[in-house]
Amino acid sequence: DNVTSMAISPNDRFIAYSINKSVSNNQAQLKIIELENGEEFKSINLDKISSDVLAFTPDGKYIIYESDKEKIKSLNIQNIYNLKDLRKINIKEHLKSLVIFPNGNLITTTFIKDKDIFTDLYDYSSGKRLNTIKVSNPAFDVFMKYNSQNNKLYISYIGGETLKVLKPDTFREFNSVKIPPLGYFDFNSDGNLITTLYGDLNVFDKQFKIVKTIPKASYIKENPGFYAGTKIIFIPHTKYFVQNIMYALYKNTSIMLMSSENYSLKNKILLEGKMTHLEFTKDGKYLVTSGDNDVDKNVITLFKVRD
């Protein structure tokens, strides 16, 4: 098994995660557990393909995930308490990313087909596709995030070194810039973009000009060899962020706490295995990581960050 996606409910009560099928279990699954005690709340069978996208609706009542049952691809919106379907949205390909906007009226998804990347905008209440953007780009992954400070949707074409900024209500392109190297990103307390790729950080101003570069060598003193899969996420309502750096053939992961004021390393935790997902609870008190290692195939770890 391995964890392919993770989400935390808006009220910080539940953690949802999707896992691949395994030798012991011939079905991929979506599990919802209670954050306070780690007990399983609900479990959903996903047939043979796990979901790489996962989100709770803003009211916390529904879970959104991808399903491929009976070879029919769909985006399911399901009640987490009784597991009844609210609606299913037909999709064409395996999804790479998903964002539901804070007002809950729009959903956007991305998928890659051949060398083309498609971003679709859906109406939440009807499931109707409202708009599609097609981009020819050599990216191997796509990452999206909504910036509530300026009401913009940011799309990172990882490997293609392109960042697009869209108005979510109209899907009109606000900006498109080349930003090498481009990987995963988040926004600091001033709303400025910070990107990370294999541990190297770039800080941008509002015009997407690089104002600061922090090479990984400035805060990583060890030489663990190959780096992979770095992600970055800010602690809500603070100037601190964490990133995960996997190395040594994915046998270890460093979770690094850093300050966005001077970009110094404040703390570091070394975890065994590949911890690919990071999420903070909405109150910023807890960090949740998920992944797998040689002993425990599905590892959900909860860290207390502050009181």
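**Notes on the salt bridges**

1. Let's start with Lys 113: with a relative accessible area of 41%, this residue is partly exposed. Keep in mind as you look around that this is a predicted model.

2. Which residue does Lys 113 form a salt bridge with? The partner is Glu 93, and the closest N and O atoms are 4.0 Å apart. Lys 113 sits in strand 10 (residues 106-113), while Glu 93 is in the loop between strand 8 (85-90) and strand 9 (95-100), so you can see the pair linking distant parts of the chain, 20 residues apart. Glu 93 is partly exposed too, at a relative accessible area of 24%.

3. Next, have a look at Asp 200 and Lys 216, whose side chains meet in a salt bridge (3.5 Å, N to O). Asp 200 belongs to strand 19 (residues 200-204) and Lys 216 to the loop between strand 20 (210-214) and strand 21, so this pair ties together parts that are 16 residues apart in sequence. Asp 200 has a relative accessible area of 27%, which makes it partly exposed.

4. Then there's the salt bridge between the side chains of Asp 68 and Lys 73, at 3.7 Å from N to O. Is Asp 68 buried or exposed? Asp 68 counts as buried because its relative accessibility is 13%, under the 20% cut-off. Lys 73, at 24%, counts as partly exposed.

5. How many salt bridges does a search of the whole structure find? It turns up nine.

6. Finally, a word on confidence. The protein chain has an average pLDDT of 86, and 91% of the residues score at least 70. Confidence is highest in strand 5 (residues 54-56), with a mean of 96, and lowest in strand 21 (residues 227-234), at 79.

Note on methods: Residues numbered from 1 in each chain as written. Predicted model: local features only at pLDDT ≥ 70, side-chain atom pairs only at ≥ 80, totals over all residues. Heavy atoms only, no water. pLDDT = per-residue confidence, 0-100. Helix = DSSP H or I, 4+ residues; strand = E, 2+ residues; numbered from the N terminus. Buried < 20%, exposed > 50% of the residue type's maximum accessible area, 1.4 Å probe, protein only.
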